Amino acid sequence: MDKQILEILQRMENKLNGIEIKINGMESDIKGLKESQERIERKLESVHEQVERTAEDVTGIKKNLTNIEMITARNWEDLVALKAVSRL
């Protein structure tokens, strides 16, 4: 009977050792995942900043394009007026 109890205890110990090894591996994996998450978060912040800068640039380009369109329209008016004067 003592021998059977000893065998059962040894099997339990072996199983516990296996569980402990798995838990240690999981802890290592979790640490790696946390590090990866932190890297992704830093990259995401960088991309967010770049998008904000790009949006500001696009807004500036749109304003400049509007100004160019207005100036071009005025130039056309001036050309029409000059043509009208030259025909006289």
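Which residues gather in a patch of negative charge on the surface? In this predicted model, where residues are numbered from 1 along each chain as its sequence is written, local features need pLDDT of at least 70, side-chain atom pairs count only at pLDDT 80 or more, and totals for chains, interfaces and linings use all residues. Side-chain values use heavy atoms, with hydrogens and water left out.

The patch of negative charge consists of Glu 35, Glu 38, Glu 41, Glu 45, Glu 49, Glu 52, Glu 56 and Asp 57. Patch members have over 30% relative accessible area and no salt bridge, with like charges joined within 9 Å and nonpolar side chains (Val, Leu, Ile, Met, Phe, Trp, Tyr) within 5 Å; a salt bridge is a side-chain nitrogen of Lys or Arg within 4 Å of a carboxyl oxygen of Asp or Glu. Glu 56 lies in helix 1 and counts as exposed, at 58% relative accessibility (exposed is over 50%, buried under 20%, partly exposed in between; 1.4 Å probe, protein chains only).

A nonpolar patch on the surface is formed by Met 1, Ile 5, Ile 8, Leu 9 and Met 12, with about 520 Å² of accessible area together (Shrake-Rupley method, 1.4 Å probe). Ile 8 lies in helix 1, residues 2-87, and is partly exposed at 40% relative accessible area.

The chain has 1 helix and 0 strands (DSSP runs of H or I, at least four residues, and of E, at least two, numbered from the N terminus). The C-alpha atoms fill a box of roughly 130 × 15 × 10 Å along the principal axes. Of the 88 residues, 0% count as buried.

How values were computed. Lys and Arg count as positive and Asp and Glu as negative; His and the chain ends are not counted. The place of a charge is taken as NZ of Lys, CZ of Arg, CG of Asp or CD of Glu.
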